Amino acid sequence: MGIFKTKAISTLVRETQGKQGLKKALSSLDLTLLGIGAIIGTGIFVLTGVAAANYSGPALVVSFIASGLACAFAALCYAEFAAMVPVAGSAYTYGYAALGEFWAWIIGWDLILEYGVAVATVAIGWSGYAVNLLNNIGIHLPKAITLAPMDGGIVNLPAILIIGLIAWLLLAGVKQTSRLNGIIVAIKVAVILLFIVLAVGHVEPVNWHPFMPFGFKGVISGAAVIFFAYIGFDAVSTAAEETRNPQKDMPRGIIASLLICTVLYVIVSAILTGVVKYSIFSRPEAASAPVAYALQQIGIHWGAALVSVGAICGITSVLLVMMFGQTRVLFAMSRDGLLPKVFGKVSENRKTPATSTILVAVVTAVTAGFLPIHIVAELTNIGTLVAFAIVCAAVIVLRYRRPDIQRPFKTPLVPVIPALGILSCGTLIAGLQPATLIRFVIWFAIGMVIYFAYGYKHSVLQNDIRAKQLEKVNNQV
């Protein structure tokens with residue numbers, strides 16, 4: 001069937017050239033910083049408290065390791081594809097090359113969900129930290145302009161404003177975006193290291209008992225929740241088309257960012273649950289800013305204030321990279337004809353996908369401005385996990401179908417590593433709430449309608465197939 005027709009890697013690469021190609025400006029260091037920028041943020045500054053209080057307890061360390069392993073398996077598979085197919089679109093493009101258009105659409109539709117709700121979620125979190133920081137210095141904004149209608153306000157204006165600012169930065173050009181991200185990453189890593197230095201001397205081993213208060217099932221559920229903390233490395237692969245030497249730099253950037261962040265996560269979570277009892281993080285004031293709250297509990301208030309600043313920087317860089325990833329996925333899908341061509345339009349001067357950036361900004365700003373965080377946050381993880389599992393499967397399929405393709409980086413121990421990636425992602429999906437699964441099925445159904453009503457009819461690949469079939473018929477006649 002045509003819907004399972006794959007797209008040749010040579011064709012994908014050829015499409016990156018010319019006026020509709022993106023500017024190549026990123027190095028392996030830029031990619032590593034992009035990864036850290038996307039990974040370290042909401043996960044470490046917010047979700048650590050939620051996971052410790054409700055799921056993992058002191059075994060939060062194990063939850064981070066479990067999530068990290070699932071990501072490591074997927075990251076090795078991503079690295080193989082990113083080096084082999086240096087084209088915008090991340091897992092969507094990889095699926096197109098290995099599994100065919102239909103699976104590519106499923107992954108792309110997943111990624112639209114993942115990045116869209118992640119941007120809205122993180123923007124709402126940024127607004128909460130910013131409002132809290134302003135309150136601490138005596139500036140009190142009215143709830144009407146800082147909360148969504150369902151939370152007792154009218155509009156979350158700070159969330160809308162930060163999305164607008166990020167969109168403006170993305171329109172300015174990828175190199176400028178990368179430089180700003182590097183500065184922000186330096187600030188937030190410094191703040192995390194400061195927390196480690198200040199808090200490690202206040203660890204009380206008694207706080208680690210019981211180690212697994214909710215059992216091993218709680219550890220897995222905690223891992224599923226904090227998986228949000230790791231989704232950033234996927235955004236690194238969306239920058240493949242804008243990388244100077246993608247064959248070498250993409251694997252380095254993906255793997256280095258994941259390793260650095262996993263080490264920081266494990267150390268911070270161990271210290272955090274050692275400084276204060278895990279159950280304390282169930283308090284509202286502790287759940288929203290657990291790292292800063294822990295420092296307050298041991299009397300280091302100036303450190304808590306610095307952590308709040310670092311959290312705002314961290315969340316800002318997550319927004320930056322998530323919106324970057326979302327725009328590149330839309331750009332790739334539009335260039336293939338599965339979405340309207342207007343979203344694939346590239347700015348002549350900046351060589352950035354201007355129309356898709358504006359679209360993402362408008363949709364996510366409306367979502368963040370008028371919906372509460374609990375509604376928009378739940379769908380991010382499942383979209384990511386499904387995309388990761390499909391990429392792992394695609395590595396196995398392409399190794400058997402096309403062993404002749406040059407692979408600058410090879411996933412080790414195929415099919416063992418990809419199979420472990422699929423298994424670990426499936427395990428984490430099983431740990432999510434049933435309501436999340438139902439919402440995902442609804443999103444999937446909407447995607448199927450759009451594909452067969454629009455994407456299949458306008459697909460560049462499908463139109464080429466139809467043209468060849470028509471030419472063959474005419475020749476026979």
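Residues are numbered from 1 along each chain as its sequence is written, and side-chain values use heavy atoms, with hydrogens and water left out. Because the model is predicted, local features need pLDDT of at least 70 and side-chain atom pairs count only at pLDDT 80 or more, while totals for chains, interfaces and linings use all residues.

Colleague: How many cavities of 30 Å³ or more does the structure hold?

Modeller: A cavity is a set of points, on a 1 Å grid over the protein atoms alone, where a 1.4 Å probe fits but cannot get out. Grid points are joined across faces, edges and corners, and a volume is the space filled by probe spheres set on the points. The number of cavities of 30 Å³ or more is two.

Colleague: About how much space lies in the second largest cavity, and which residues line it?

Modeller: The space in the second largest cavity is about 40 Å³. Lining residues have an atom within 4 Å of a point. For this cavity they are I44, F45, V191, I192, F195, V268, V291 and V307.

Colleague: Which helix supplies the largest share of the lining of the second largest cavity?

Modeller: Helices are DSSP runs of H or I with at least four residues, numbered from the N terminus. Helix 3 (42–56) and helix 8 (174–199) each supply at least two residues of this lining. The largest share, three residues, comes from helix 8.

Colleague: At what angle do helix 6 and helix 7 pack, and how far apart are their axes?

Modeller: Axes are lines fitted to C-alpha atoms, for helices over the stretch in contact, and angles run from 0 to 180 degrees between N-to-C directions. For helix 6 (residues 101–136) and helix 7 (residues 157–172), the angle is about 120 degrees and the axes are 8 Å apart.

Colleague: Which residues make the contact of helix 6 with helix 7?

Modeller: Contact means heavy atoms within 4.5 Å. The residues of this contact divide into nine nonpolar, one polar and no charged. Helix 6 contributes V119, A123, I124, W126, S127 and V131, and helix 7 contributes P158, A159, I162 and I163.

Colleague: Is N156 buried or exposed, and what is its relative accessible area?

Modeller: Buried means under 20% relative accessible area, exposed over 50%, and partly exposed in between, with a 1.4 Å probe and protein chains only. N156 sits in the loop between helix 6 and helix 7. Leaving aside neighbours within four places in sequence, N156 is in contact with I124, S127, I145, T146, L147, A148, A368 and G369. N156 is buried, at 5%.

Colleague: Why is helix 13 largely enclosed by the rest of the structure?

Modeller: Helix 13 spans residues 290–297 and has eight residues. Its buried residues are P290, V291, A292, Y293, A294 and L295. Helix 13 is therefore largely enclosed, the buried count being six of the eight.

Colleague: Which residues does G57 touch, not counting those up to four places away in sequence?

Modeller: G57 lies in the loop between helix 3 and helix 4 (60–84) and is buried, with a relative accessible area of 0%. The C-alpha atoms of G57 and F211 are separated by 6.5 Å, although the two are 154 residues apart along the chain. The residues touched are A51, A52, F211, P213, F214, T273 and Y278.

Colleague: What is the omega of the cis peptide bond from H209 to P210?

Modeller: Most residues other than glycine have a negative phi, and most peptide bonds are trans. P210 is placed in the loop between helix 8 and helix 9 (215–226). The bond from H209 to P210 is cis, with omega near -5 degrees.

Colleague: What is the phi of L413?

Modeller: L413 lies in the loop between helix 17 and helix 18, and counts as exposed at 62% relative accessibility. In that loop, between helix 17 (380–401) and helix 18 (416–430), is also P415, which a cis peptide bond joins to V414 with omega about 10 degrees. L413 is a residue other than glycine with a positive phi, near 55 degrees.

Terms used: 1 Å grid on protein atoms, 1.4 Å probe; cavity = no way out; pocket = protein on both sides within 12 Å on 5 of 7 lines; lining within 4 Å. Nonpolar A, V, L, I, M, F, W, Y, C, P; charged D, E, K, R; others polar.
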